[in-house]
Amino acid sequence: IDDALVAVAAARGGDPDYVEVSATLEHVDAIVRDRDGTSAVLYRYVDGELSGPVEPRDDPRATFGADQVSVDADTIFDGVRAELGDPTIVDLAVRMEGEVQVIDATIAGEQGGVILVLLSPAGDVLGLQAT
């Protein structure tokens, strides 16, 4: 995620306001406020290469800075693994809900179920929701 945020900042010519940052094992997506108002654009970072921006679309969600993305890749899933064994982690997303940062992960179970797990920045499991 960190490398993707550096690449987006370089492409934007400064520190952008992020609407959402999400990651899978294959890529990192960053949705960035495009201009004043509620317009946002998508950048995708894959294997060290940044593509985008994709055409602006309306996205009125709250924004945050790169310094607020406090995801430690080495520990963020420790709580999930402690609670669920060794699940398949599909993705991780960081966004703001009002004034609160939300970190969630989509988890696929061995029996085929999928849950959304709300995480603290330290990786503590705060809640689960079936999807």
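What share of the accessible surface of the chain belongs to carbon and sulfur atoms?

## Surface and burial

In this predicted model, the accessible surface of the chain comes to about 7,500 Å², and carbon and sulfur atoms hold 48% of that area. Of the 131 residues in the chain, 40% are buried, where buried stands for a relative accessible area under 20%.

## Fold and dimensions

The chain contains two helices and eight strands, and these elements follow one another along the sequence in the pattern α-β-β-β-β-α-β-β-β-β. The radius of gyration of the chain is 15 Å, close to the 14 Å that the globule rule gives for 131 residues, so the chain is as compact as a globular protein of that length.

Along its principal axes, the C-alpha trace spans about 40 × 30 × 25 Å. Among the contacts in the chain with a separation of 6 or more, 36% are accounted for by residues 24 or more positions apart.

## The largest pocket

Rolling a probe the size of a water molecule over the atoms shows where empty space is left. In this model, the largest pocket holds about 350 Å³ of space, and its lining is made up of 15 residues, of which Ile1, Ala23, Ala73, Phe77 and Leu92 lie nearest the centre of the pocket.

Strand β5, which covers residues 88-97, supplies the largest share of this lining, with four residues. Sorted by class, the lining of the largest pocket comprises 11 nonpolar residues, three charged residues and one polar residue.

Methods
Residues numbered from 1 in each chain as written. Predicted model: local features only at pLDDT ≥ 70, side-chain atom pairs only at ≥ 80, totals over all residues. Heavy atoms only, no water. 1 Å grid on protein atoms, 1.4 Å probe; cavity = no way out; pocket = protein on both sides within 12 Å on 5 of 7 lines; lining within 4 Å. Points joined across faces, edges and corners; volume = space filled by probe spheres on them. Nonpolar A, V, L, I, M, F, W, Y, C, P; charged D, E, K, R; others polar. Rg over C-alpha atoms; globule rule 2.2 N^0.38 Å. Buried < 20%, exposed > 50% of the residue type's maximum accessible area, 1.4 Å probe, protein only. Contact = heavy atoms within 4.5 Å. Areas by Shrake-Rupley, 256 points an atom, 1.4 Å probe, with all protein chains shown as cover.
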